[in-house]
Amino acid sequence: MSRVKGFISFEGSEGSGKSTHAKLLAAYLRAQGHNVLETAEPGGTNIGNKIRGLLLDPENDMDPLTELLLYYSARAQHVREIIYPALLQNTVVITDRFTDSTAAYQGYARGIDLSIIETLNDIVVPDLKPSLTILLDLDVEEGLRRNRTAQKIDRFEQETIDFHGRVRQGFHQIAREEPERVRLVDASRDKEEISREIIKIVEESWH
Ligand code: TMP
């Protein structure tokens, strides 16, 4: 099932507007007559949401390897229970975060060797990659400010600015390595402008 046409991921650092733009794109594609499934990581299933609770709880002092494996446990369930079946029915799947988040957060920011993450991808999501990834790029301090205004304080929001800077640089590196799949979108602009650009990117990628 390598690069399925209708598997779109949204990626980006904290407060970059992924969830908002995933929803806007889903609404647009539905209006165009597509069947669309919106989902998110970590989560998307009952088990995934329980694992999400463990991962984001600021009370949990978690070892980086535990963290990595919990993301992949949630993902194993998510792809098998939700994503593969939807793609097999020709549903467009839009996910708010996927494997690039693991490379950016656990790899580039936490320092886990990227080859370990690649090996886990081979085991957990063999032969599955988004056909298109929208990378919403925003200054990290601005993103964290937006999240605080929305009262979103989880285990990752408590990380240092340096950590979030490494996440952002990690995403930039991924975009440089796979420029066709990963499209960087400036998330500092107003919502309508960003949404128009995303729709244009998706339509062009399908033609
Ligand atoms: P969210 O805030 O976009 O819902 O994502 C929850 C947090 O999980 C966010 O801080 C990014 C982090 N995350 C990882 O560290 N690795 C991953 O693989 C994923 C999917 C998310």
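This is a predicted model: local features need pLDDT of at least 70, side-chain atom pairs count only at pLDDT 80 or more; totals for chains, interfaces and linings use all residues.
Let me start with Leu-37, which lies in strand β2, where helices (H or I, at least four residues) and strands (E, at least two) are DSSP runs numbered from the N terminus. Residues are numbered from 1 along each chain as its sequence is written, and side-chain values use heavy atoms, with hydrogens and water left out.

With a relative accessible area of 26%, Leu-37 is partly exposed; buried here means under 20% relative accessible area, exposed means over 50%, and partly exposed is in between, with a 1.4 Å probe and protein chains only. Leaving aside residues up to four places away in sequence, Leu-37 touches Ile-82, Ala-86, Thr-91, Val-92, Val-93 and Ile-94, contact being heavy atoms within 4.5 Å.

I turn now to helix α1. The buried residues of α1 are Lys-18, His-21, Ala-22, Leu-25, Ala-26 and Leu-29. Seen down the axis of α1, these buried residues fall within an arc of 140°, so they line one face of the helix, the arc being that of the directions from the helix axis to the C-beta atoms. In general, an α-helix has 3.6 residues a turn, so residues three or four places apart point the same way. The buried residues of α1 pack against β1 (7-12), β2 (36-40), β3 (92-96), β4 (132-137) and α8 (191-206), whereas Lys-23 and Ala-31, on the other side of α1, are exposed.

Next comes the helix pair. The axes of α2 (residues 46-56) and α3 (residues 64-88) come within 9 Å and cross at roughly 165°, the axes being lines fitted to C-alpha atoms, for helices over the stretch in contact, with angles from 0 to 180 degrees between N-to-C directions. The two helices are therefore roughly antiparallel to each other, a term that covers angles over 145 degrees. From α2, the residues making the contact include Ile-47, Gly-48 and Ile-51, and from α3 they include Glu-67, Leu-70 and Tyr-71.

Finally, the backbone. Most residues other than glycine have a negative phi, and most peptide bonds are trans. Here, however, a cis peptide bond, with omega about -10°, joins Glu-41 and Pro-42, and Pro-42 sits in the loop between β2 and α2. Asn-90, in the loop between α3 and β3, has a positive phi of about 65° although it is not a glycine, and at 69% relative accessibility Asn-90 counts as exposed. Arg-97, in the loop between β3 and α4, likewise is not a glycine and has a positive phi of about 85°, but Arg-97 is buried, with a relative accessible area of 12%.

Key: Angles under 35 degrees count as roughly parallel, over 145 as roughly antiparallel, 65 to 115 as roughly perpendicular and the rest as oblique.
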